Amino acid sequence: MGLRVENLRVYYRTLSGYVRALEGATFAVSDGEIMGLAGESGCGKTTLGHSLIYLKPPMTYMEGRVLLDGQEVPIWDMKRMSEFRFRRISLIPQYAMNALNPTRKIGRMIADLLAAHGVDFREILPELKRRLDLVQLSHEVLNMYPIELSGGMRQRVVMVISTLLNPALLIADEITSALDVSTQRAVCEMIVEFRNRGFVRSTIFITHDMSILYQIADTIMVMYAGQLVEKAPTEVILRSPHHPYTRMLIASLPRVGVRHRQERLQGIPGAPPRLLDPLPGCRFRDRCPVAFARCAEVPPFVEIEPGHFVACWQEI
Amino acid sequence: MGRYLGRKLAIYLLTFFFAVTIDWLIPRLMPGNPVDTMVARMALRADVAEVLRSYYIRAFQLDLPLWQQYLNFWIALSRGDLGISTWLFPQPVIAIIYRAVPYDLLLLLPAILLSWIAGNQAGAMAARVRWLDNTLLPLSYILTATPYMWLALLLAWALGHVAGLFPIAGAYSFNIRPHLSWLFIRDLLWHWFLPFTSLFLVMFGGWAIGMRNMIIYELEADYSRYLEALGAPQRLIRKYAFRNAMLPQITGLALQLGAIVAGTLATEIVFAYPGTGYLILQAVQNQDYFLLQGCFLFIITGVLLANFTIDIIYALVDPRTRLGMTGE
Ligand SMILES: Nc1ncnc2c1ncn2[C@@H]1O[C@H](COP(=O)(O)OP(=O)(O)OP(=O)(O)O)[C@@H](O)[C@H]1O
Ligand code: SF4
Ligand SMILES: [Mg+2]
């Protein structure tokens, strides 16, 4: 069944008003799907990812529904979300290398966390060890403090912890950004391996590095200024992107497989919009080469072919 | 950890050496001569005074070359001999200090430990409870900004002088001889209450603020956010944050120790409490340089020892130092 998100709107409440970071997102991620979530910095990727597990002030739920395997996920309710977190929806955060308590042995910390969810550490220990083997960590790390491990090792520990209870949905936020190329590849392979072995069912893999998505994502969803722009199987996004923004994004990329980061986005003329009082209608309008009158209305996110969604008036 | 403590120990030994040297120099650099003062106080005939003077100078070894005096000072020190008091001649300085130490400890240990524990608890609570934060925090800022002597004077005046609830001088009533009985213990506590309270309150404020700010910082830390995102209960997150916030508070205790001891000395003077602080006052008033020297030496040693103890405790509770991962 996987994940269904319907018309999800999440803002940040600030002193100068609402920052409209996620505007009416409707999409689905099916079982076994690794969905890459791409878009330039500040377009709302983290907002979308976090709102599914950890919607905390100043992040404010405005409207919309989230369904996981057909069951409503009460993302607006911090308390009720507790039973979803970790067990059914889990997160590998952007700051994974610093995500462990520096003064607690890793094994003890895992035991504390599991106990809080009513899981017996000793029962799960054999599986935990198998997974440590899988990510090539010695069982000794359970007896160590995080400071005794390298940054890459800490991140692998966090990846194992986050997926330990086989969540239905895993959100991985920029987990490759701080790594060198060879470590990036290893981390990506782990994400795929976790899915193949059924540790996680659906994965939302957030990054602004498109080349990584080509390696691991089944589908790619692109965001622009808080709005969903296009979602399609990776091949389709790569070969025949439909949305003008996606097209510019793909065109501005160097050869596939070459590492490239934000500077590529500067190839697109114009500045990304402020989300405090965004343009009404299509937010890409002021940078869009093919904009026309209709674009002052919000374009719907429609399925133009099976599995290919685009939000652009030119496509309707 | 061994290396960490070894380095600390070396630093403390060096500090001790310099502090003792300066301590030895002070009376010798000060104007006036303790022996002259002592002899003058006796108001003797001039020729008798002269005989006595030369006797005392020999007795205090002031006729030797300076380097020999200095060497003898260390030798005597290693035997626990701090010289003879001129004020309470011929009592040894060390004996006078020994009589004062129990009163210092009686004030210092409970004040430090209780304020540290209570301040940490209160600070941690303030970080969680809004109304407590709004009341306790401003109060703590006022308390910690108050000089020790100032609060001591205020309490002595308000609760002692005006309200007459507590005595304002001495460690026990003049008409009671120290002995082991409920009567004496009650009297002792009654005299102890005000100086203890004034120390406790000032320190409490500092610990409460420190803990409150540290715990808020820890609750914002990445590991707290990760735990929260994985649905860990607030209880667990706060437990971690409290334990981690405690570590800087231990270092804070080491850093504050000097100020705390100085505050205690001032408080003892205000309440005429017969600890080392009160002795120092007497030594100054009576120009008893050897007693003064002894008191300082005792304080230096005490503070250094206490600091070293705290360092050991810190190394034991913080895995980062224990594993030698960080320098400090
Ligand atoms: N705590 C906050 N308060 C107010 N605005 C915020 C806050 N956090 C994020 N925003 C705003 O929300 C928008 C979306 O931020 P978000 O972190 O989701 O972007 P992102 O796509 O993850 O960017 P990056 O690639 O840099 O991680 C940005 O414009 C940002 O300025
Ligand atoms: S809706 Fe209009 S402005 Fe937006 S991308 Fe399509 S054409 Fe451009
Ligand atoms: Mg982000």
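Modeller: Ala, Val, Leu, Ile, Met, Phe, Trp, Tyr, Cys and Pro count here as nonpolar, Asp, Glu, Lys and Arg as charged, and the others, Gly among them, as polar. This is a predicted model, in which local features need pLDDT of at least 70 and side-chain atom pairs pLDDT 80 or more, while totals for chains, interfaces and linings use all residues. Residues are numbered from 1 along each chain as its sequence is written, chains are lettered from A and ligands numbered from 1 in the order written, and side-chain values use heavy atoms, without hydrogens and water.

Colleague: How do the residues of the shell around ligand 1 divide into nonpolar, polar and charged?

Modeller: A residue is near a molecule if one of its heavy atoms lies within 4 Å of it. By that rule 16 residues surround ligand 1, with A:Ser41 and A:Lys45 among the closest. They divide into 6 nonpolar, 8 polar and 2 charged.

Colleague: Which helix supplies the largest share of the shell around ligand 1?

Modeller: Helices (H or I, at least four residues) and strands (E, at least two) are DSSP runs numbered from the N terminus. Strand 1 (3-14), strand 2 (17-29) and helix 1 (45-51) of chain A each give at least two residues to the shell. The largest share, 3 residues, belongs to helix 1 of chain A.

Colleague: What percentage of the area of ligand 1 does the protein bury?

Modeller: Polar contacts are pairs of N or O atoms within 3.5 Å; within protein, one must be able to donate a hydrogen and the other to accept it, and residues adjacent in sequence count only if both atoms are side-chain atoms. Taken alone, ligand 1 exposes 640 Å² (Shrake-Rupley, 1.4 Å probe), and the protein buries 68%.

Colleague: Is A:Arg287 buried or exposed?

Modeller: A:Arg287 sits in the loop between helix 9 (244-251) and strand 11 (302-305) of chain A. Its side chain makes a 2.8 Å polar contact with that of A:Tyr224. Buried means under 20% relative accessible area, exposed over 50%, partly exposed in between (1.4 Å probe, protein chains only). Because its relative accessibility is 7%, A:Arg287 is buried.

Colleague: Which strands stand at the edges of the sheet?

Modeller: Strands pair if DSSP finds at least two bridges between them. In chain A, 4 strands form an open antiparallel sheet in the order 2-1-4-5. Each edge strand has a single partner, so one side lacks a neighbour in the sheet; these are strand 2 and strand 5 (71-72).
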